[in-house]
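Work through the exercises below with the sequence and the model open. Each task is followed by a solution in steps.

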Amino acid sequence: MSELANQLSELRGRFDAAVADAPDADTLEAVRVAFLGRSGEVTLLRRGIGQLPAAQRPAAGKTINAAVEVLEAQLLEAERRLATGNFDAELAKRIDVTFPAIAPLRGSIHPIRRVMDDICAYFERHGFAVVLGPEIEPDYYNFDALNIPPDHPARDGFDSFFLTDHLLLRPHTSPMQIRTMQQHKPPVAVVTPGKCYRRDAVDARHLYQFHQCEGLLVAQGIHFGHLKGMLTGMCRELFGPDQQVRFRPSYFPFTEPSAEVDTTCPVCHGLGGTCRMCGGSGWIELGGAGMVHPNVLSEMKYDAGAVSGWAFGFGLERLAIVRYDVDDIRRFVENEPDFLQQLA
Ligand SMILES: [Zn+2]
């Protein structure tokens, strides 16, 4: 009995020292296993009870149980002390008021929206109004009023999403030109930005949903030179002060004469060569333009002999590709924060 007491006393001396020295929870756990674990020193002592005379066993058992309670209480106390100590250390580390704060992730204006805003701002400065309209329109506004009667082959070129026989997702924003002319006598000067839809197969240059900005100016004495001046100014605003604009003859039912509009490639500054953006031509195609067809003016009850006008329509994704030197139109709709942040 006294031998057991001696052993326990010696063991507690080492246990106290080990607990006091434990720098962290892992070391403390190792101490617990060494003394109280399945093969721990106290467990071995308890197994020794079997060898004592029967009369001594109950008292020896009680002595060991009491010792175990004390040791466990000490471990618990040490655990608490360590946890509090860590917390205090963390607290001291964390509250450094001079440390720069972590900046929250900031959103930015989408590149397509930025091109749209810049074009609108340019034309607004020149007295144009920005008009927005429905994305679902009757075929009259998309085709008939634009000198594209039913069965005209030009309708096929628009490859539209029809919702009913006569309602469709607009393939261009021209319906707002028509609505404007229906509601206002000349002079009219508007730009019509917005979403458009065509049944295009999606690839690096095509999406089935895209953005357009069209422009319309109708008044007395308007001629092609006004169009060229305005579009040159727009390109210089978007791409830089040295931009040039050229017109290539084309055909659209709603304008006469009609032209494809190109601007000097802002990536190679018109030099061409091995430029990837313009394919070496030095020019970038912007879209279509021309003088408003007299049939369209007459349909709007305008006097085609007294007023004239021009119109243009550009795809904004195309402008954004060139402006931001992006290789794939799909990147604009993938909601990839890193990509958008890069262009912000
Ligand atoms: Zn180029």
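**Exercise 1.** Find which residues I136 is in contact with, leaving aside its neighbours within four places in sequence.

*Solution.* Take contact as C-beta atoms, placed from the backbone, within 7 Å. I136 then touches L163, L167 and L169. The model is predicted, so local features need pLDDT of at least 70 and side-chain atom pairs count only at pLDDT 80 or more, while totals for chains, interfaces and linings use all residues. Residues are numbered from 1 along each chain as its sequence is written.

**Exercise 2.** Is I136 buried, partly exposed or exposed?

*Solution.* Count other C-beta atoms within 10 Å: 20 or more means buried, 12 or fewer exposed, and in between partly exposed. I136 is partly exposed because it has 13 C-beta neighbours inside 10 Å. This residue lies in strand β2 (strands are DSSP E runs of at least two residues; helices are H or I runs of at least four; both are numbered from the N terminus).

**Exercise 3.** List the buried residues of helix α8 and elements that cover them.

*Solution.* In α8 (residues 174–183), the buried residues are S174, P175, M176, Q177, I178 and M181. Their cover includes β2 (136–138), α6 (139–142), β4 (188–197), β5 (209–219) and β9 (308–315).

Terms used. Contact = placed C-beta atoms within 7 Å.
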